[in-house]
Amino acid sequence: MKNLTYLLVLLLGMTTFVACNNSETYADQKNRERTAIKKYIQDAAISVISEEEFAQKHYTTDVSKNEYVLFESEGVYMQIERKGCGEKIKDGETVTVLCRFTERNLLTDSIEVSNVLASQFGNWVDKMSVSNNSGTFTGSFISGGSILMAAHRLSSTAVPEGWLLPLTFINVGRPALANDEIAKVHIIVPHDKGHMMATSRVVPYLYDITYERGR
C-alpha cells in the first residue's frame, strides 16, 4: 500500500499540506476553512438549497442548476448526481459498500487522493462495512481495502461521517441491467466531518464519490 500511495503522489501531483503556523488559533483555522468553502461555492457557481427545499424536491438536487443541499447542523454540502440502482441500505442491515472517489483539498485547490483518475487503479476500490441502525449509519474500512487510509496513513478504520451522510438518500446496489447506474454524489466535507488528518489539520475536502453494493 505504501507503493500505491507513492504512485498516487507521482501520478496525481499530490500537494503536501503545510502545517499551520503555531501562532494560528483554531478559530483562525476554522475561519480559513469557511473562506475556502465559500470561495469554492462561488467559483463553481453552486446554487445552495436548504434541507426544506431538498425535501420538497423529493430529496433530489438539480444537476443542471448545479444545486447542492446544505445540511446546516453538519456543515456538509451535497449534490446527488445519480441516486443509483438497487435499494437503500435497510434498517438493521450491514453491507459491504465499494467506493471510488477523488479527494480535493479546498485550501490548496489540489487533488490529494484518487482511485478514479489514475486508470491503472480502476479496479482498486475503498471497501467499507456499513450498518444502518434506525437511520443512523456507521461504517469502518475493511482491513487492507482503503486507499484513503493508506494515502493519509490513517490509524483509525472509521469511515468519515461526511461519506456516510449520503446513504440516507441514495440506493446502494449492483448494476444488473444495461441502463443501471451506481449512485454518485459530490460532497463538501468540513474538517470535523472528515477523516483524522482533515480534523487535526482543519482541512475541508470536496469528494466526487460513487457507492456500489459489494458481494
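## Salt bridges in the model

A salt bridge here is a side-chain nitrogen of Lys or Arg within 4 Å of a carboxyl oxygen of Asp or Glu. By that rule, Arg-100, Arg-174 and Glu-212 are linked in a network of salt bridges, and a search of the whole structure finds 10 salt bridges.

Before going further, a word on what you are looking at. This is a predicted model, in which local features need pLDDT of at least 70, side-chain atom pairs count only at pLDDT 80 or more, and totals for chains, interfaces and linings use all residues. Residues are numbered from 1 along each chain as its sequence is written, and side-chain values use heavy atoms, with hydrogens and water left out.

## Three pairs to look at

Let's take some individual pairs, with their exposure: buried means under 20% relative accessible area, exposed over 50%, and partly exposed in between (1.4 Å probe, protein chains only). Lys-90 forms a salt bridge with Glu-87, and their closest N and O atoms are 2.6 Å apart. Lys-90 is partly exposed at 43% relative accessibility, and Glu-87 is partly exposed at 46%.

Lys-193 forms a salt bridge with Glu-161, with the closest N and O atoms 3.3 Å apart. This pair links distant parts of the chain, 32 residues apart: Lys-193 lies in the loop between S8 and H6, and Glu-161 in helix H5 (residues 161-164). Helices (H or I, at least four residues) and strands (E, at least two) are DSSP runs, numbered from the N terminus. Lys-193 counts as buried at 16% relative accessibility, whereas Glu-161 counts as partly exposed at 47%.

Asp-43 and Lys-39 are separated by about one helical turn, because they are 4 residues apart in H2. Asp-43 itself is exposed, at 54% relative accessibility.

Which residues of H2 are buried? They are Gln-29, Glu-33, Ala-36, Ile-37 and Ile-41. These residues cover an arc of only 135° around the axis, so they sit on the same side of H2; the arc is that of the directions from the helix axis to the C-beta atoms. On the other side of H2, Lys-38, Gln-42 and Asp-43 are exposed. The buried residues of H2 pack against strand S1 (47-49), strand S3 (76-82), strand S8 (183-189) and helix H6 (196-201), where contact means heavy atoms within 4.5 Å. After H2 comes Ala-45, with a positive phi near 55°.

## Strand S9 and its neighbours

Strand S9 (residues 205-213) has 8 of its 9 residues buried, so the rest of the structure largely encloses S9. Two strands pair if DSSP finds at least two bridges between them. Strand S4 (residues 94-105) runs antiparallel to S9 and is joined to it by 9 bridges; here Thr-102 stands opposite Asp-208 in S9. S8 also runs antiparallel to S9, with 7 bridges joining them, and Ala-183 stands opposite Tyr-211 in S9.

## Cysteines

How many disulfides does a search of the whole structure find? The search finds 0, a disulfide being a pair of cysteine sulfur atoms within 2.5 Å. Cys-85 counts as buried at 10% relative accessibility, and Cys-99 counts as buried at 0%.
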